[in-house]
Amino acid sequence: MAPWRVLAAVLLTACESGSPGQPIVVENEGRICVHGDPSVPGAQTFAANAPIHLAYQSQDECLSSSCTSDRSSACAASIDNGVIELSAVISWRDISRQQGACTADCVLLAAECTTAVLPAGTFEVRFGSGRMSLVIPSQHAAPPCIDAR
């Protein structure tokens, strides 16, 4: 093999071993809780002609802060014919090969989003494989949640 090809192969291998992997993407898995007012802990009131607020949190992805990069999360809600469809996506890059040892901390990714103003009525709320019914107006002792896996 020509000397320049050996050098090129060594440099290419060094660059590849130091680069982070492909992004890891998880969609519509985790937990979404529905809030009438996210600033109020505990009991939640859902009023007519007001939006609902959604708090998403990943469940199974406990990420080391030292061995992941480019962490992101987002959620969205769409409404059609009495159905509120929720979606959430999280992503990160695993850089553990570059770090060697990872810290034992646990980063859970979270996101918040809000629906449009909702009239009085009964809505089916969907997130991944999870479903629940939400009546507006209503009051709940705690924010209703959907777990999707």
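Buried means under 20% relative accessible area, exposed means over 50%, and partly exposed lies in between (1.4 Å probe, protein chains only). Keep those cut-offs in mind and select arginine 31, which is partly exposed with a relative accessible area of 32%.

Before going on, a word about the model. It is predicted, so local features need pLDDT of at least 70 and side-chain atom pairs count only at pLDDT 80 or more, while totals for chains, interfaces and linings use all residues. Residues are numbered from 1 along each chain as its sequence is written, and side-chain values use heavy atoms, leaving out hydrogens and water.

**Stop one: salt bridges**

Side chains of opposite charge can pair when their charged atoms come close. A salt bridge here is a side-chain nitrogen of Lys or Arg within 4 Å of a carboxyl oxygen of Asp or Glu. The structure holds five salt bridges.

Arginine 31 sits in strand S2 (residues 30–35) and aspartate 147 in strand S11 (residues 145–148), so the pair ties together parts that are 116 residues apart in sequence. Strands (E, at least two residues) are DSSP runs, numbered from the N terminus. Aspartate 147 is partly exposed, with a relative accessible area of 40%.

Now select aspartate 70 and arginine 93. They form a salt bridge whose closest N and O atoms are 3.1 Å apart. Aspartate 70 belongs to strand S5 (residues 68–80) and arginine 93 to strand S6 (residues 83–94), so this pair ties together parts 23 residues apart in sequence. Aspartate 70 counts as exposed at 52% relative accessibility, and arginine 93 counts as partly exposed at 24%.

Next, pick arginine 126 and glutamate 85, whose side chains meet in a salt bridge at 3.9 Å, N to O. This pair links distant parts of the chain, with arginine 126 in strand S8 (residues 121–127) and glutamate 85 in strand S6, 41 residues apart.

**Stop two: an aromatic pair**

The structure holds one aromatic pair. Select tyrosine 56 and phenylalanine 127 to see this edge-to-face pair, 6.1 Å centre to centre with 70° between the planes. Rings of Phe, Tyr and Trp (its six-membered ring) pair if their centres lie within 6.5 Å; planes under 30 degrees apart count as stacked, over 60 as edge-to-face and the rest as tilted. Tyrosine 56 is in strand S4 (residues 53–57) and phenylalanine 127 in strand S8, 71 residues apart. Are these two residues, tyrosine 56 and phenylalanine 127, buried or exposed? Both tyrosine 56 and phenylalanine 127 are buried.

**Stop three: a sheet**

Show the strands next. Four of them form an open sheet in the order S7-S4-S2-S11, with antiparallel pairing; two strands pair if DSSP finds at least two bridges between them. Strand S7 (110–114) and S11 stand at the edges with a single partner strand each, so one side of each is left without a neighbour in the sheet. Zoom in on S4 and S7, which run antiparallel and are joined by five bridges. Leucine 54 stands opposite cysteine 113 in S7.

Definitions and conventions
Helix = DSSP H or I, 4+ residues; strand = E, 2+ residues; numbered from the N terminus.
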